[in-house]
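The sequence and the structure come before the text.

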Amino acid sequence: MPQSVATIAESELLDGEMKTWFLPDGTRIALYHVNGGFYATQDTCTHENASLTEEGQVEGDRVICTWHYCEFSIIEGTALNSPCSEPLQTYPVTRVDGVLHVHY
Ligand code: FES
């Protein structure tokens, strides 16, 4: 059964920003605010495990891992160029009374 966890207030994440959060099982995720929407993906790059919130850059609706310059779709998790081929896991995000809830 899907579960959700409350994270930060949407006002704490400006458009174009990302932040780290942890699911209750310790999984590290990245929260994003891009193009007016809120999204979440796994924080670990699928190439060689860099932290996207520490080593990545948001450009439009893509996150770029600066270790080897893989680009991923923040919205769909898709790997957009080599050397990455594995997608990022994505998590639905909803807003409840101004707070972002991640469903996992
Ligand atoms: S670790 Fe992210 S591109 Fe290589």
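## Order of elements

The model is a predicted one.

## Dimensions and packing

Along the principal axes, its C-alpha atoms fill a box of roughly 40 × 30 × 20 Å.

Buried residues make up 27% of the 104 residues in the protein chain. Among contacts with a separation of 6 or more, 39% are between residues 24 or more positions apart.

## Nonpolar core

The largest nonpolar core holds 22 residues, and the members that touch the most others are Ala30, Leu31, Tyr32, Tyr39, Ala40 and Val93. At least two core residues come from each of strand S3 (28–34), strand S4 (37–42), strand S6 (62–65), strand S7 (70–73) and strand S10 (99–103). S3 contributes five residues, the most to this core.

## Contacts of Leu31

Leu31 is one of the core members that touch the most others. With neighbours within four places in sequence left aside, Leu31 is in contact with Thr7, Leu13, Met18, Lys19 and Trp21, and also with Ala40 and Leu100. Of these partners, Ala40 is also listed among the core members that touch the most others.

Notes:
Residues are numbered from 1 along each chain as its sequence is written. This is a predicted model: local features need pLDDT of at least 70, side-chain atom pairs count only at pLDDT 80 or more; totals for chains, interfaces and linings use all residues. A residue is buried if 20 or more other C-beta atoms lie within 10 Å of its own, exposed if 12 or fewer, and partly exposed in between; C-beta atoms are placed from the backbone. Two residues are in contact if their C-beta atoms, placed from the backbone, lie within 7 Å. A nonpolar core is a set of buried Ala, Val, Leu, Ile, Met, Phe, Trp, Tyr and Cys residues joined through C-beta atoms within 7 Å. Helices (H or I, at least four residues) and strands (E, at least two) are DSSP runs, numbered from the N terminus.
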